[in-house]
Amino acid sequence: MAIPLFTTISYNTTTTHRYLHHPIFSYNKLVCCASSSSPPVSSNFVGSEAGVCLSIGTHLIPHPDKVEKGGEDAFFVSSHGGGVIAVADGVSGWAEKDVNPALFSRELMTNASIFLQDEEVNYNPRNLIRKAHAATTSIGSATAVVAMLERNGTLKIANVGDCGLRVVRKGKIVYSTFPQEHYFDCPYQLSSEAIGQTFLDATVTTVELMEEDTIVVGSDGLFDNVFDREIVSVLSSCNNVSDAAKALANLAHNHSKDSSFDSPYSQEARTQGFDVPWWKKIMGMKLTGGKLDDVTVIVGQVKSSLSS
């Protein structure tokens, strides 16, 4: 469970479900979060201008205990420019305050879709986070990542917290975001509270992409449960972005339920001092297991808009 920011932080510590809830459709945008009543969504968005664009597939699997409420992740994709991908993960700890953690992430992504073509945003992911966050009135907090591809192949990324992004080229990961945390399991987060982070805290990066590069964007439910080498392997075995997104989400979901799997999450927990009692260590045991969570996966492949 991710920890929300309610009080001042001390910085001495280390830092095949169906969905589509509250959809907003236009010719180039899709905003959704998990639900249990609508068919799966997979999207291929291509543009008509010269340059490159993204072919996109999506898949979202809610936490097993949150299927009826649709989970707490939300995302949107758009064909604006060369393609836009955004993911937000509602911080689950707010449920202890009788706040639905999904409301903040859903509203944040809805606002991001609304402001995407705003003049002040100027096709800048950090500006989009600023506008969307300022317009969000729900109580709660969320981590978020926004990626915008320009027609010339420049991918602009802004990330707050532990949602993530990988760029895969010819079977190798050539770029990876890194999680921002106050301490273990307490990520940076955009919040309704003044103590939370803002667009100014976002890690901003640009990456030059080539045709046939693949980007994988997801909530921490993906990256806590699936190693980078597994991402590369799954991508190489899939014929299209929709199949790849579904396969990665299913792999993360299965790992999250496996108490014997030595996941990225359990490995990080051990480095932060969380492990089995000493007497179990003497017996050769260690902390293992995946992390049960909502899993959002968006896979985009760079294509020439002319060939598309």
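**Entry 1: helix H4**

I started with what the buried side of H4 touches: its buried residues pack against strands E8 (164–169), E9 (172–176), E14 (214–218) and E15 (295–304), and against helices H3 (220–223) and H5 (241–256). Contact here means heavy atoms within 4.5 Å. Helices (H or I, at least four residues) and strands (E, at least two) are DSSP runs, numbered from the N terminus. I noted that this is a predicted model, in which local features need pLDDT of at least 70, side-chain atom pairs count only at pLDDT 80 or more, and totals for chains, interfaces and linings use all residues. Residues are numbered from 1 along each chain as its sequence is written, and side-chain values use heavy atoms, with hydrogens and water left out.

Which residues of H4 (residues 228–237) are buried? I found Glu 230, Ile 231, Val 232, Val 234 and Leu 235. Buried means under 20% relative accessible area, exposed over 50%, and partly exposed in between (1.4 Å probe, protein chains only).

**Entry 2: two helix pairs**

H4 and H5 pack at an angle of about 140°, with their axes 9 Å apart. The axes are lines fitted to C-alpha atoms, for helices over the stretch in contact, and angles run from 0 to 180 degrees between N-to-C directions. H4 and H5 are therefore oblique to each other. For the cut-offs, angles under 35 degrees count as roughly parallel, over 145 as roughly antiparallel, 65 to 115 as roughly perpendicular and the rest as oblique. The H4 and H5 crossing is right-handed; a crossing is right-handed if the near helix is turned clockwise from the far one by less than a right angle, and left-handed if anticlockwise. From H4, Glu 230, Ile 231, Val 234 and Leu 235 make the contact, and from H5, Ala 244, Ala 247, Leu 248, Leu 251 and His 255.

I then looked up H1 and H2, which pack at about 125° with axes 8 Å apart. Their crossing is right-handed. The contact residues include Phe 104, Leu 108 and Phe 115 of H1, and Leu 128 and Ala 132 of H2.

**Entry 3: the cores**

Which residues touch the most other members of the largest nonpolar core? In this core of 24 residues they are Phe 76, Leu 108, Met 109, Leu 128, Met 148 and Leu 190. Two or more residues come from each of strands E4 (73–78), E5 (84–90), E6 (141–149) and E7 (154–160), and helices H1 (101–115) and H2 (125–135). H1 gives the most, with 5 residues. Apart from this core lies another, of 23 residues, including Ile 56, Val 77, Ala 147 and Tyr 175. A nonpolar core is a set of buried Ala, Val, Leu, Ile, Met, Phe, Trp, Tyr and Cys residues joined through side-chain atoms within 4.5 Å.

**Entry 4: single residues**

Ser 78 is found in strand E4. Ser 78 is buried, with a relative accessible area of 1%, and its side chain reaches the backbone nitrogen of His 80 at 3.0 Å.

Where do Asn 122 and Lys 170 lie? Asn 122 is in the loop between H1 and H2, with phi near 55°, a positive value in a residue other than glycine. Lys 170 is in the loop between E8 and E9, with phi near 50°. Asn 122 is exposed at 60% relative accessible area, and Lys 170 is exposed at 78%.

Technical notes:
Polar contact = N/O pair within 3.5 Å; in protein donor to acceptor, adjacent residues only side chain to side chain.
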